[in-house]
Amino acid sequence: MTSLLQTYLLTCIIIYASSLLLPVLSRGPVYKPPPTVERLTERFHPAPVTQKMSTLYGGSNIQMKSNGAYADIILDKTSGSGLISKDIYHHGFFSAAIKLPMGVTSGVVLAFYMSNSDVFPHNHDEIDFELLGHEKRKEWVLQTNMYGNGSVKTGREEKFNLWFDPTQEFHEYSMLWNTHHIVFLVDNIPIREVIHNQASSSVYPSKPMSIYTTIWDASDWATHGGKYPVNYKYAPFVASLGELRMEGCLTPKTNSSSIASCSKSSSLSTSDPIDGNDYTTLTRQQTVGLNWARTNHMFYSYCKDTSRLLEKRLKRGIIAKQVANMKYHPLDALDNYKSEKGQTNRCRYLFSMKKPYMKYKNIFLYTIIYEWYIDASEAHSLKVEKILFQGKSDYQDVMVFQSATYGKVLVLDGVIQLTERDECAYQEMITHLPLCSIPNPKKVLVIGGGDGGVLREVARHSSVEHIDICEIDQMVVDVSKDYFPDVAVGYEDPRVTLHVGDGVAFLKAAQEGSYDAVIVDSSDPIGPAQELFEKPFFESVAKALRPGGVMCTQAESIWLHMHIIEDIVANCRQIFKGSVNYAWTTVPTYPSGVIGFMLCSTEGPEVDFKNPINPIDADESQNKSTVPLKFYNREIHSAAFCLPTFAKKVIEAKAEN
């Protein structure tokens, strides 16, 4: 198992997930207003704390305010503190207005929850709001949980960034619990709904519970998995609560395991104290609010933590053989395992992303864990200032975000494709290495490259008369035009014709000898893109090129993918009867910081890729663009073919074979 795990690239692009909030200004965060929803709390009368709750523990750290209408519960070095409801409830609506401690609160947890663990220690029910403190005066995190009948199979952690400062004033945290569903609400906006159905009946909270409010030290897990413990230098930590609304089916404490009949209507379950359609299903406004909260503010779900699921299975060796043999997509293997256990539904992903994927024996995953965006391609961190776009096309998940240091970033299926800061290195090199190696290219085909960067560079060449681009995903084209206009500017050139479709099929149908150059700006050789690295595809490219025509294709990293590069070189040596060379360049945000290119020419006029004969940087008359090159020049062109010894030996060995 150790050797297997070592074959995986367990590396990640870590993005500090302030992504669901607006940029933090000197005066503090600026929050977007939530949608308007029904104020469910106004249907129930508030009650004083002293009327509804009594001391659970830490009595010296509980202070009643305003004649018992409000209470402060305190955590200091001596103790935390907590309150428990005087009554036990079976279903109902339960709400409290809470103001959280200010300042550095790492490791501190304020919980407002329902539980019956004192009565049912082995099969208890629980419905939780947990507010988790943060280091360095950053925002609190809201976590919800739900356990039924002692089971943790459903209702596990979901985490949210709040859309307000919970330390400045009181905000309402509410739980609706009946036989139809459980709804968590913040300021009356639903943030989570757990629907009761036949499949979940055995793990749905069904027994009477007490209501608790506690503040305590959770240094071992609360803030970044325990990285930041409670710093008692900033104690005492004081939380305030009041305006308690507890409308439910009361159960005598002397027989708390019984279920009382307290229905207001015979049309509903006898254990539902809250009747009417407003309580059995979410209204349209509430559904809008739920979608808003989950889309804009939820950043973690235990169910959707795919890296946790996969790592767990790998450690147990359950799917190791399947993955090693590439028999299954990694998440399909998880599905197979689950179905064997009688569980049929796979979790959906955050950001609507569903396609982790496999690169030979390297598993590439992305997800959100706590407050970190995880991508599986070499460790690198980009601070996110704002998510600009999220969507799902027919082929992949598309996201654009504003980073702090690399400008806007385009992400496809969890893998960074380009950033405003370093895209020039890739786009200029993949284009000018081939086009500057032949005289007067006239007709060029680009496969992939939907962002338009390669088009922009091809359009610099004044000799080019026509440019075809075949991109399978229209969404990538549209998003690039909207968010990367300086990259997608090539689409504005009248010489460009866009074909939306399969590049493999387009090349097969291309007229023989019709192009001077073919540039393949493909993703990695996995999934549909696998075909772009195989022998039949290269044969189609060679057929479409004129004698002495050139191809340049993305060819992975010499640090990570020499086994792939060996196969590419071997295939190209068999097909292209002219020159075959490997070049590379630096792109900081790509795996290992480098990317390679395979350059080949067909039989005909000799092509010396290492020595440009059409150097666009030397002759301004050849450059139609008014924007100067940022990366490419003659010197770096020639230097790109200088390989480190280990790569040179492998590639030359393939050339001799």
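Helix H4, covering residues 284–296, is a handy place to start: its 13 residues reach 18 Å from the first C-alpha to the last, close to the 18 Å expected at 1.5 Å a residue. The model is a predicted one, and that holds for everything that follows. Within H4, the buried residues are Gln286, Gly289, Leu290, Trp292 and Ala293. Seen down the helix axis, these buried residues fall within an arc of 165°, so they line one face of H4. On the other side of the helix, Arg284 and Thr295 are exposed. The cover over the buried residues of H4 includes strand S12 (158–161) and strand S15 (189–195), along with helix H3 (277–280) and strand S18 (298–301).

Stepping back to the whole chain, the secondary structure comes to 15 helices and 34 strands. The protein chain has 657 residues, and 56% of them count as buried. Its accessible surface comes to about 27300 Å², with 50% of that belonging to carbon and sulfur atoms. Among contacts with a separation of 6 or more, 71% are between residues 24 or more positions apart.

What about the nonpolar interior? In soluble globular proteins, nonpolar side chains tend to be buried together. Here the largest nonpolar core has 49 residues, and those with the most contacts inside it are Ile127, Phe129, Tyr173, Val186 and Ile191. Strand S17 (residues 237–251) gives the most to this core, contributing five residues. There is also a second, separate core of 37 residues, which includes Val446, Val477, Tyr491 and Tyr590.

Beyond its neighbours within four places in sequence, Ile127 is in contact with a list of residues including Phe112, Tyr113, Met114, Met146, Trp177, Ile182, Phe184 and Met209. Ile182 counts as buried because its relative accessibility is 0%, under the 20% cut-off. The C-alpha atoms of Ile182 and Ile127 are separated by 8.6 Å, although the two residues are 55 apart along the chain. Not counting residues up to four places away in sequence, Ile182 touches Ile127, Met146, Leu176, Trp177, Val194, Tyr204 and Pro205, among others, and the list also takes in Arg192 and Glu193.

Leaving aside neighbours within four places in sequence, Phe646 is in contact with Ile558, Trp559 and Met562. Met562 lies 84 residues from Phe646 along the chain, and the C-alpha atoms of the two are separated by 9.6 Å.

Finally, the cysteines. A disulfide is a covalent bond between the sulfur atoms of two cysteines. A search of the whole structure finds zero of them. For Cys552, the closest cysteine sulfur is that of Cys600, and at 8.7 Å it is too far for a bond. Cys552 is buried, with a relative accessible area of 0%. Cys600 is in no disulfide either, although the nearest cysteine sulfur, in Cys572, is 3.6 Å away; a disulfide needs the two sulfur atoms within 2.5 Å. Cys600 is buried too, with a relative accessible area of 0%.

Note on methods
Residues numbered from 1 in each chain as written. Predicted model: local features only at pLDDT ≥ 70, side-chain atom pairs only at ≥ 80, totals over all residues. Heavy atoms only, no water. Helix = DSSP H or I, 4+ residues; strand = E, 2+ residues; numbered from the N terminus. Buried < 20%, exposed > 50% of the residue type's maximum accessible area, 1.4 Å probe, protein only. Contact = heavy atoms within 4.5 Å. Areas by Shrake-Rupley, 256 points an atom, 1.4 Å probe, with all protein chains shown as cover. Core = buried A, V, L, I, M, F, W, Y, C linked by side-chain atoms within 4.5 Å. Expected span 1.5 Å × (residues − 1). Arc of directions from axis to C-beta.
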